[in-house]
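Me: Could you walk me through this structure, starting with the overall layout and then going into a few details?
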Amino acid sequence: MDIKSYLHILMTRLWITILIPFLAAAATAGINLYVLEPIYESSTTLYVMNKDFDRLAYDDFLVSQQLLKDCREIIRSKSIAKTVIGRLNLENLTEEELAKKIAVNLKNDTRLLEIKVSDTSSARAKTIADEISVAFRQRVSELIKLETLEVVDEAEEAGEPSSPKPLMNTVIAFFAAQFLVICGMFIKEYFDDTLKNTEDVEKLLEIKVIAIIPLLNLE
């Protein structure tokens with residue numbers, strides 16, 4: 001098919017390429033606004049330095065990166081989760097559920113650990129992040145000899161949710177649905193071998209149509 005054929009397919013089914021994406025976008029907006037609970041994030045950053053490091057040699061840097069990875073696993077451990085649940089009286093949360101709320105990121109080429117907590121309550125996300133920081137510093141001091149373990153950034157209460165993002169999700173849903181509809185139309189047209197007009201007859205038989213006999217109702 002040439003470009004003219006593609007445009008003809010789109011124009012004859014223009015209402016479908018608008019209606020279905022519009023309905024998909026409306027459904028996505030409704031779900032994001034009225035069904036999904038907003039999620040808030042709060043994070044705190046720690047600076048971690050091993051007591052044995054007295055120079056910035058490359059080997060020391062590699063060891064420090066391994067130390068940060070160890071600290072990340074300690075933060076996500078059951079012992080930390082259990083401590084935080086007990087101190088904050090989070091009886092509706094299990095240790096596994098709390099662990100899923102926690103993300104620990106290593107700042108690239110630094111000795112900084114970011115502890116990020118996601119929750120449906122912005123205040124609770126901040127409280128959990130602060131308590132994890134306290135419990136981690138107490139626990140890690142029993143396991144590893146550290147020269148420095150200080151809080152760089154305190155956790156703050158988020159002013160707006162991090163997810164869902166209704167506007168962005170609605171736009172994505174509209175264009176994704178439109179893309180799928182257009183692809184479906186072209187695929188259907190490609191595999192449709194019925195004869196619809198004189199051009200189809202000419203392509204199939206490779207001859208020119210010189211006349212058309214109209215269908216007359218003589219009754």
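Me: How many helices and strands does the protein have?
Reply: The protein has eight helices and four strands, where helices (H or I, at least four residues) and strands (E, at least two) are DSSP runs numbered from the N terminus, and along the sequence they follow the pattern α-α-β-α-α-α-β-β-α-β-α-α. This is a predicted model, in which local features need pLDDT of at least 70 and side-chain atom pairs count only at pLDDT 80 or more, while totals for chains, interfaces and linings use all residues. Residues are numbered from 1 along each chain as its sequence is written, and side-chain values use heavy atoms, leaving out hydrogens and water.
Me: And what share of the residues is buried?
Reply: Of the 219 residues, 29% are buried, with buried meaning under 20% relative accessible area, exposed over 50% and partly exposed in between (1.4 Å probe, protein chains only).
Me: Switching to H4, which of its residues are buried?
Reply: In helix H4, residues 78-88, the buried ones are Ile-80, Ala-81, Val-84 and Ile-85. They lie on the same side of H4 because they cover an arc of only 130° around the axis, the arc being that of the directions from the helix axis to the C-beta atoms.
Me: Why would that spacing work in a helix?
Reply: An α-helix has 3.6 residues a turn, so residues three or four places apart point the same way.
Me: What is exposed on the other side of H4?
Reply: Lys-78 and Lys-82 are exposed there, and just after H4, Asn-89 takes a positive phi of about 55°.
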